[in-house]
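Here is a briefing on one structure. Please keep the sequence and the 3D view at hand.

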Amino acid sequence: MNAAIPVETREPQQDRSRATRARLLDSAITCLADLGWHASTVAVVAQHAGVSRGAAQHHFRTREALFTATLEHVSRERGEQMRRQLAERGTELNTRAVVELVFDLFTGTYSRAALTLWVAAAAEPQLRAQVVPLEARIGREMHRVVVNLLGVDEHLPGVRETVQATLDLARGLGLANLLTDERHRRAGIAGQWAAILERTLPTTAR
């Protein structure tokens, strides 16, 4: 019978395993954002993370598993990003600030990685099967957050669709930002869209 592994030995091993997994996920985000889907193989991600390909496959048996986990990781990081921005700006935001916050969530490294995965999922059936239900859950969570930030009553006619349009507009601007820096155009659209929300969401306490 094999001797039991001491707890003090198991815990450092578990810590190293968690650290390796975290490095792989962070590297996958960077590779997706900088290199795109086709160039972001497991071998490339492992090399970027500084671990062996075998170690990467120990944590993620397939490429799809790696990048589905990456999308979940992106979702958590974007949630943290939103919480940090809320802490910096204060919880009492006017409509323009809420729109800018939502638009900002769809730019930057995390968003480029997520958008790259969405585009890849359209052409990769195995990836699509895993990404679609996950993205639906993430979308519901983001929708709920925006409803709360705007302080609107989703049961009123048209409110749900208008909030969803805000998220869809943000995604579209994020896609445009993949090719060129759209900051100036995005700022103008944010102001115009906030004015539209003020007129069409009468329960918004702004």
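How many residues apart in helix H5 are glutamate 100 and arginine 96? They are four residues apart, so about one helical turn separates them. Helices are DSSP runs (H or I, at least four residues), numbered from the N terminus.

This is a predicted model: local features need pLDDT of at least 70, side-chain atom pairs count only at pLDDT 80 or more, and totals for chains, interfaces and linings use all residues. Residues are numbered from 1 along each chain as its sequence is written, and side-chain values use heavy atoms, with hydrogens and water left out.

**Salt bridges**
- The structure holds six salt bridges (a side-chain nitrogen of Lys or Arg within 4 Å of a carboxyl oxygen of Asp or Glu).
- Glutamate 100 and arginine 96 pair at 2.8 Å, N to O.
- Aspartate 34 bridges to arginine 112, with the closest N and O atoms 3.8 Å apart.
- That pair links helix H1 to helix H6, so parts 78 residues apart in sequence are tied together.
- Aspartate 34 is exposed at 54% relative accessible area (buried is under 20%, exposed over 50%, partly exposed in between; 1.4 Å probe, protein chains only).
- Arginine 112 is partly exposed at 27%.

**Nonpolar core**
- The largest core has 57 residues (buried Ala, Val, Leu, Ile, Met, Phe, Trp, Tyr and Cys joined through side-chain atoms within 4.5 Å).
- Its largest share, nine residues, comes from H7.
- Phenylalanine 67 has contacts (heavy atoms within 4.5 Å) that include Trp37 and Leu127, leaving aside neighbours within four places in sequence.

**Threonine 166**
- Threonine 166 lies in helix H8, residues 159-177.
- Threonine 166 is buried, at 2% relative accessible area.

Technical notes: Helix = DSSP H or I, 4+ residues; strand = E, 2+ residues; numbered from the N terminus.
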